[in-house]
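The plan is to look things up one by one and jot down what turns up.

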Amino acid sequence: MTQDVDKLNRCIHMLVAANRILANEGVVDAYGHVSIRHPFEPNQYLISRSLSPELVTAEDIYAFHLDGSPVVANTPTPYLERFIHGSIYKKRPDIHAVVHSHADDVLPFTIAREPLRPVINTASDMGLEVPLWDIHDHFGDTNLLVTNPDQGDDLAQGLGDHKVILMRGHGFSAAGKNLVEVVKVAIYMPKNAKILMNALRLGPVKGLTPGEIEIRSKVDPKSPQMWRAWEFWCSKAGIAAGSKEDL
Ligand code: MN
């Protein structure tokens, strides 16, 4: 039991680190969030109370059921859009970490016809095609935010087997087998979007081929090269990297 508490605390540290990394890398600002599936309760997830990721500490992390209801009664005000997380965990048993972001560089590709596709090697994780979810399709005029389980489930349906989904006029949500995988795609997808946008000004663009994406998809998220990135991001963000086993 003590061991379980220690393990849980180490996982919470990694989630706090992910918050700081994503803030430091400009993927999230005042808004946006990151969660992990609870390490011992697969039908729960862990996420900060409503707080900017830059400011999150271990004391701010709370557990939620997959329908977005808090596990403990005295949970402070939660994120309005937490339903994104629970619905993805419900639909995808393989997913253990989720990021939601409004990164500026991705937004043009949520409103224009030009598809977002991987054009740099580091962004291959986003997959050959990135689906676009338009909340207006099934919910009409809204504030564009995912504020209930039905909207979350519709988004998760749109995600399907992909790792990333664009959200029209809003941002994106990304899903990973672990924290480092989802943090990596959340960092490199906006970089890829910016580079693609610049390259399109030069003329036609050659993106990664399906074969190249397939070869790169074989990288183990727990591999030394992924850990190297995690250590780098933690160092830049000024937070301890923790241990690879707790990702
Ligand atoms: Mn949002």
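Helices (H or I, at least four residues) and strands (E, at least two) are DSSP runs, numbered from the N terminus.

Ground rules: this is a predicted model, where local features need pLDDT of at least 70, side-chain atom pairs count only at pLDDT 80 or more, and totals for chains, interfaces and linings use all residues. Residues are numbered from 1 along each chain as its sequence is written, and side-chain values use heavy atoms, with hydrogens and water left out.

**Entry: helix α2**

The buried ones are Phe83, Ile84, His85, Gly86, Ser87, Ile88 and Tyr89. What do they pack against? I found β1 (33-37), β2 (44-48), β4 (97-101), α5, β6 and β7 (171-176), with contact meaning heavy atoms within 4.5 Å.

**Entry: aromatic pairs**

Rings of Phe, Tyr and Trp (its six-membered ring) pair if their centres lie within 6.5 Å; planes under 30 degrees apart count as stacked, over 60 as edge-to-face and the rest as tilted. I get 3 aromatic pairs in the structure. One of them is Tyr45 with Tyr89, tilted, at 5.7 Å centre to centre and 35° between the planes. Tyr45 sits in strand β2 and Tyr89 in helix α2, so this pair ties together parts 44 residues apart in sequence. Are these two tyrosines, Tyr45 and Tyr89, buried or exposed? Both Tyr45 and Tyr89 are buried.

Next I checked Tyr188 and Trp233: the ring centres are 6.5 Å apart and the planes at 55°, so I logged the pair as tilted. Tyr188 belongs to helix α6 and Trp233 to helix α8 (residues 224-237), 45 residues apart. Tyr188 is partly exposed at 21%, while Trp233 is buried at 2%. I also noted that Tyr45, Phe64 and Tyr89 form one aromatic cluster.

**Entry: salt bridges**

For these I need a side-chain nitrogen of Lys or Arg within 4 Å of a carboxyl oxygen of Asp or Glu. The structure holds 12 of them. Lys90 bridges to Asp153, with the closest N and O atoms 3.1 Å apart. That links helix α2 (residues 83-91) to helix α5 (residues 149-159), the partners being 63 residues apart. Lys90 is partly exposed at 46%, and Asp153 is partly exposed too, at 29%.

Lys184 and Asp125 meet at 3.4 Å, N to O. Lys184 is in helix α6 (residues 179-200), and Asp125 in the loop between α3 (108-111) and β5 (132-133). Both Lys184 and Asp125 are buried.

**Entry: the metal**

Which residues coordinate the manganese ion? I read off Glu81 (OE), His100 (NE2), His102 (NE2) and His170 (NE2), at 2.0 to 2.1 Å. Donors here are N, O and S atoms within 2.8 Å of the metal (3.2 Å for Na, K and Ca); water is not among the atoms, so sites may look incomplete. Along the chain, the donors follow the spacing E-x18-H-x1-H-x67-H. His102 lies in the loop between β4 and α3, and His170 in the loop between β6 and β7, 68 residues apart. I have His102 as partly exposed at 21% and His170 as buried at 7%.

Terms used:
Buried < 20%, exposed > 50% of the residue type's maximum accessible area, 1.4 Å probe, protein only.
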